[in-house]
Amino acid sequence: MDIKSLSTLVIEKLKDANMYSELDDKALFKAVYGYLDMIYQKHFHLAQKRIKSEEQSGIFPNEARYKKAYDGVEDTVMIYANKLAAVTKEQI
């Protein structure tokens with residue numbers, strides 16, 4: 001997952017909506033990137049933990065299970081990015 005590009009898209013969306021920020025562009029990017037990366041790392045770790053738990057209970061995941069877990073992590077990060085980029089209540 002390309003979190004840098006996703007962070008840039010979030011910032012562009014906010015700028016298009018004339019958002020106000022006391023942060024310069026570099027600091028704003030760093031804040032958005034840090035937030036999305038933290039969400040990614042957290043949910044990726046949870047997915048790994050869940051897969052490891054399944055392996056210990058005798059359920060050995062195949063490629064489809066790994067893909068489903070990873071897609072779930074990406075979907076979660078996209079949800080948070082959309083919420084971050086929301087400029088109206090209806091977009092949340």
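Does H43 count as buried or exposed, and at what relative accessibility? In this predicted model, H43 has a relative accessibility of 18%, and because buried means under 20%, H43 counts as buried. The residue sits in helix α2, and, leaving aside its neighbours within four places in sequence, H43 is in contact with V73, T76 and Y80.

Helix α3 covers residues 63-85. An α-helix has 3.6 residues a turn, so residues three or four places apart point the same way. D75 also belongs to helix α3, but with a relative accessibility of 47% D75 counts as partly exposed, because that value lies between the limits of 20% and 50%. The C-alpha atom of D75 is separated by 20 Å from that of E12, a residue 63 places away along the chain.

**How the helices pack**

| Helix pair | Axis separation | Crossing angle |
|---|---|---|
| α1 and α2 | within 9 Å | roughly 125 degrees |
| α1 and α3 | 9 Å | about 20 degrees |
| α2 and α3 | within 9 Å | roughly 155 degrees |

For α2 and α3, whose axes cross at roughly 155 degrees, the angle makes α2 roughly antiparallel to α3, because angles over 145 degrees count as such. The crossing of α2 and α3 is right-handed. On the α2 side the contact includes V32, Y35, L36, I39, Y40, H43 and F44, and these belong to a set that meets α3 residues including R65, Y66, A69, Y70, V73, T76 and V77. By class, the residues of this contact of α2 with α3 divide into 16 nonpolar, two polar and three charged.

Helices α1 (residues 3-16) and α3 pack at an angle of about 20 degrees, which means that α1 is roughly parallel to α3. Their crossing, too, is right-handed. Here L6, V10, K13 and L14 of α1 meet V77, M78, A81, L84 and A85 of α3, and the contact of α1 with α3 is made up of eight nonpolar residues, one charged residue and no polar ones.

The axes of α1 and α2 cross at roughly 125 degrees, and therefore α1 is oblique to α2. In this pair α1 passes α2 in a right-handed crossing. The α1 residues I3, K4, L6, S7, T8, V10, I11 and K15 meet D25, L28, F29, V32, Y33, L36, D37 and Y40 of α2, and the contact of α1 with α2 comprises ten nonpolar, two polar and four charged residues.

S7 lies in helix α1 and has a relative accessibility of 0%, so S7 counts as buried.

Conventions:
Residues numbered from 1 in each chain as written. Predicted model: local features only at pLDDT ≥ 70, side-chain atom pairs only at ≥ 80, totals over all residues. Heavy atoms only, no water. Helix = DSSP H or I, 4+ residues; strand = E, 2+ residues; numbered from the N terminus. Buried < 20%, exposed > 50% of the residue type's maximum accessible area, 1.4 Å probe, protein only. Axes fitted to C-alpha atoms, helices over the stretch in contact; angles between N-to-C directions. Parallel < 35°, antiparallel > 145°, perpendicular 65-115°, else oblique. Left-handed = near helix turned anticlockwise from the far one by under 90°. Contact = heavy atoms within 4.5 Å. Nonpolar A, V, L, I, M, F, W, Y, C, P; charged D, E, K, R; others polar.
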